[in-house]
Structures are given as C-alpha cells and as structure tokens.
Amino acid sequence: MKKVEFFMLLLCLNAASFLVSADSPTCPADMGGQCSDDSDDWEGEFFPEIPNIKYEGPSSKNPLAYRWYNAEEEVLGKKMKDWFRFSVAFWHTFRGTGSDPFGAATKYWPWEDGTNSVSMAKRRMRANFEFLKKLGVDWWCFHDRDIAPDGNTLEESNKNLDEVVELAKELQKGSKIRPLWGTAQLFLHPRYMHGGATSSEVGVYAYAAAQVKKAMEVTQYLGGENYVFWGGREGYQTLLNTDMGMELDHLARFFEAAVAYKKKIGFTGTLLIEPKPQEPTKHQYDWDAATAANFLRKYGLIDEFKLNIECNHATLSGHTCHHELETARINGLLGNIDANTGDAQTGWDTDQFLTDVGEATMVMMSVIKNGGIAPGGFNFDAKLRRESTDVEDLFIAHISGMDTMARGLRNAVKILEEGSLSELVRKRYSSWDSELGKQIEEGKADFEYLEKKAIEIGEPKVSSAKQELAEMIFHSAM
Ligand code: XUL
Ligand code: CO
C-alpha cells in the first residue's frame, strides 16, 4: 500500500474507532465475578489505591500529588481553580478503550463488565464522580451517547439517558460538581454518515435536532454552564457530490433553532462551536476560529455563540493554539478550551495531554488577556496512550495536564509582571502613538491626506522586530 493510501486508511479507521461502543472490551478475567453482577448500585471504591490528590509543591517526588496546581492559591486576584475550571472528558476517561485502527482494546478497567448496558453506564457514572472528587475537579463534559447507551428508538435512547442523568443529579448533591458542558454525539451512528445538520437527508436533520434538544435539556437539568457543537461530520468528502451553500444554510438554520430552544427553556449556558479542520471528514465546515467567526457573522449568529478552542485542532488547521486563542479573543469569542495537544510528527488528532510548558504559557497569556474564560473552563479532551493501561495512569495524566497548565499560568504572570515583553511590543508600535497614528486609528486619514504625509515624512524609518529578543525573554520565564 502506498504511504498516502495507508495514511488515509488510518484517518478513516481512526475516526471510526473514536468513542467506543462498537468494540466494547470483553469481560476481563480479573473481575472476580462482577461480570455477572448486573446491579447498577455498586458502591464499592473504584480507586481504592488512589488517595485524594493534594498540592505538595514543586519539590515533591510523588506522582499522585500536584506540584504546581494549588487550587486555592490566588494568582492575579483569582484562585487558581477559578482561572482553570478544569474538567474531565467522560468519553476519553471512561469510554476510551485504547482500541485503534490496527488493534483491539487495551484498557480493562476493573469496574467494566464488558457491556454497554444502562446498569454499566450507571456504574461508570459513579466511577466518574469518585474520580472527580479524588482529583479535586468540579467539572466534567459529556456526549449524550457516552454516558448512556443508544436505544432502538429515539424514545428509548432518551429514556436510557434520563436514567443515567437522574443518577448523576443524585451524585452531584452535596458537591460543587457540575457539567462544564454537554453535547450530542452526532457522528458515531451510521445515520450520521453524511452529517447531522448538514446531511443530505432531511430525516437525519430532524433526528439530529431532536438529539440536540434532549442533550441541551439534560445539560440544563444538571446545571451545565455551556453547550458544545462540534461538527464531527458537518463537512464533505468531495465537492463533486456536495451542495456546500445549501449545507451551510441548513447548518445556520439548525443553530438558529438551537438558540431559539435555548431561550425557550431558559437555558443560560453559553453555546460554543468547536472548530476542527478535518477528521473524520476531509473538510469540516468549522475549519478554524476565523472560519467559524465568519460563518456566525454571515448568518447573524455572532452574538449567540462563542468558540471552544481545542489545541490539537488548532495545529491540524495549520495554526498554533496561541493563534486560535488570539483569533477567538480579538473577536470576543473565546469561550472554552479543550486542553490537549498533538504530536509534531503526526498529522491527525492524537488528543494527548498537554505537557509542553511553553505551549501552556502561551495559552495562559491569551487567557489572562481575556480576563479568564469563565463560564468556560479547561476540558481535558485528552486520552491516555494505548500503551498506558494502569488505572493510576488516568490520575497521573490529569495531574500532569493540570500541573502543566498551572506552570503556564505562573510563567505567564511572571512575563506580564516582569514587563519587558510588553515593553518590546509597545516600543515596536510606538510610531502609532504619533498624531498621524491617532488620526488613522480614528478614521480621520483619507488617501489624499496620507499621500501628503508620505511626501512630508520621506523615506520612513523602519525598526527591528526583535524576534530573538522576544523569544529570549519568553523562554527566560520558563
Ligand atoms: C473531536 C472532539 C470532540 C469534541 C466534542 O475531535 O474534540 O470530542 O470536543 O464532541
Ligand atoms: Co474537543
């Protein structure tokens, strides 16, 4: 097989294996009889070996402790936990099996019984709450179909969902735990092969709408603060069979209906669009932040939505995460971050936990400039590597991701307070502090006037951009 064909196969299969269900693991041998136990009220400890994770400071050698993330510590007048509002992604942490296009599941968590039943879904939900509490995290994110199994009909799926959501509501009691956001899974089921809101089939459009309606209702019921639209299959494989204009008009109608329904039920959460350029489709309509912003402006939806920027999606679209965050921020659209990263040598969505302190620092520079991102937060849309198979790896991965972001915050504050980077930028644009700069910025300089000025100024002085100095200042703070 040629390299390029192999890569395309990998992409397709990778998309197909995303988010479990079809390939649930078989009952693991070490279940000690729990496989046959169909009860959904198993209240045993899911993580008996894991203590509550505490802050121990940078000199700690304990992998099950925070070194940099100190939830209650104030940074720039805000507690660290409020800067981040960290969230666990249910689909990766509790439904990721480690299967990939070439191999079967590698993760057999001790609480799994190998089924996709409602009782298993409830047990998993209990595991989720214990995980959140041990990590000290108040937020989690979900798709409707990761937390409850699909039924044979929409009504049956909704009933399954209600049952699991009722348990989640119960488990939330007495805690601050809430969904950071909910969403509808509109990409796994074969009915969505042409998309949901952009499907060529009108019946699928209606089905997708019904699914979003329900997902929004349960997100609201659980006190979720945002609702996400990731257009997994809202795109095309070839323009030869696609009416792109019509599909985009349909997508806009879909979003209009979502806004109307949100208002009707009094859901006060933010609606978020999550850009991604490709995968699973060849071309996804919400390619990047700028494309999504243009779409929202064209259809008059710009005031109703914000963006959920995912770092790995940013790099897939040929940008840095910093670029996507800044594009969202300067458009007033920065709503949430799916905190993960890709692999520099890999061309697809590897969804790794972000551990690069430099990248985290740039992310936090944008977040600080934005004054924070609440009611959004940092959702770990990230998964363990296939080869990481211990339960404690789930904790270590999240701790490492949280510590990296905390280091990013601390470094960004250092850079800000030290001041030489902003001084460099200020100096670089200082010619704009002149009378002429002011006139241009106030829209008072037409071309005739500028021509007069250009003659008056003569050959303008052009200064160095000082990129190496900027990089030196940035890296000195790491
Ligand atoms: C896929 C992705 C999704 C969204 C939610 O790349 O990021 O998990 O975050 O549908
Ligand atoms: Co995401």
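Student: Is Glu274 buried or exposed?

Tutor: In this predicted model, Glu274 has a relative accessible area of 3% and is therefore buried, the cut-off for that class being under 20%.

Student: And what about Glu310, buried or exposed?

Tutor: Glu310 is buried as well, with a relative accessible area of 1%.

Student: Which protein atoms actually hold the cobalt ion (ligand 2)?

Tutor: The protein donors of the cobalt ion (ligand 2) are the OE atoms of Glu274 and Glu310 together with the OD atoms of Asp338 and Asp381, and they lie 1.9 to 2.1 Å from the ion. Along the chain, these donors follow the spacing E-x35-E-x27-D-x42-D.

Student: What geometry does the site of the cobalt ion (ligand 2) have?

Tutor: The site is octahedral, with angles of 78 to 174° among its six donor atoms. For comparison, the ideal angles for six octahedral donors are 90 or 180 degrees.

Student: Changing topic, which residues of helix H11 are buried?

Tutor: In helix H11 (residues 321–330), the buried residues are Cys321, Glu324, Leu325, Glu326, Thr327 and Ala328. The elements that cover them include helix H9 (289–298), strand E12, helix H10 (311–316), strand E13 (334–338) and helix H12. After H11 comes Gly332, which has a positive phi near 70°.

Student: What does Ala289 touch?

Tutor: Ala289, which lies in helix H9, touches Pro275, Leu307, Ile309, Glu324, Thr327 and Ala328, if residues up to four places away in sequence are not counted. Ala289 is buried, at a relative accessible area of 1%.

Student: You mentioned H12; how do the axes of H12 and H13 cross?

Tutor: The axes of helix H12 (residues 357–369) and helix H13 (residues 391–418) come within 7 Å and cross at roughly 60°, and the crossing is right-handed. On the H12 side the contact involves Val357, Ala360, Thr361, Val363, Met364, Met365 and Ile368, while the H13 residues they meet include Gly408, Asn411, Ala412 and Ile415. The residues of this contact divide into 12 nonpolar, four polar and one charged.

Student: Which residues does Thr361 touch?

Tutor: Leaving out residues up to four places away in sequence, Thr361 touches Gly408, Asn411, Ala412, Ile415, Phe474 and Met478. Thr361, which is found in helix H12, is buried with a relative accessible area of 0%.

Student: Now the backbone: where is the peptide bond from Glu279 to Pro280, and is it cis or trans?

Tutor: The peptide bond from Glu279 to Pro280 is cis, with omega near 15°, and Pro280 is found in the loop between E10 and strand E11 (283–284). A cis peptide bond also joins Ala374 and Pro375, with omega about 5°, and Pro375 is found in the loop between H12 and strand E14 (378–380).

Student: What is the phi of Arg85?

Tutor: Arg85 has a positive phi of about 50° although it is not a glycine, and its place is in the loop between helix H2 (80–84) and strand E5 (86–89). Most residues other than glycine have a negative phi. Asp351 too has a positive phi of about 50°, in the loop between E13 and H12. Arg85 counts as buried at 12% relative accessibility, and Asp351 counts as buried at 3%.

Conventions: Residues are numbered from 1 along each chain as its sequence is written. Chains are lettered from A and ligands numbered from 1 in the order in which they are written. This is a predicted model: local features need pLDDT of at least 70, side-chain atom pairs count only at pLDDT 80 or more; totals for chains, interfaces and linings use all residues. Side-chain values use heavy atoms; hydrogens and water are left out. Axes are lines fitted to C-alpha atoms, for helices over the stretch in contact, and angles run from 0 to 180 degrees between N-to-C directions. Helices (H or I, at least four residues) and strands (E, at least two) are DSSP runs, numbered from the N terminus. A crossing is left-handed if the near helix is turned anticlockwise from the far one by less than a right angle, and right-handed if clockwise. Contact means heavy atoms within 4.5 Å. Ala, Val, Leu, Ile, Met, Phe, Trp, Tyr, Cys and Pro count as nonpolar, Asp, Glu, Lys and Arg as charged, and the others, Gly among them, as polar. Donors are N, O and S atoms within 2.8 Å of the metal (3.2 Å for Na, K and Ca); water is not among the atoms, so sites may look incomplete. Four donors count as tetrahedral if all angles lie between 85 and 135 degrees; four count as square planar and six as octahedral if opposite donors are over 155 degrees apart and all others between 65 and 115; anything else is irregular. Buried means under 20% relative accessible area, exposed over 50%, partly exposed in between (1.4 Å probe, protein chains only).
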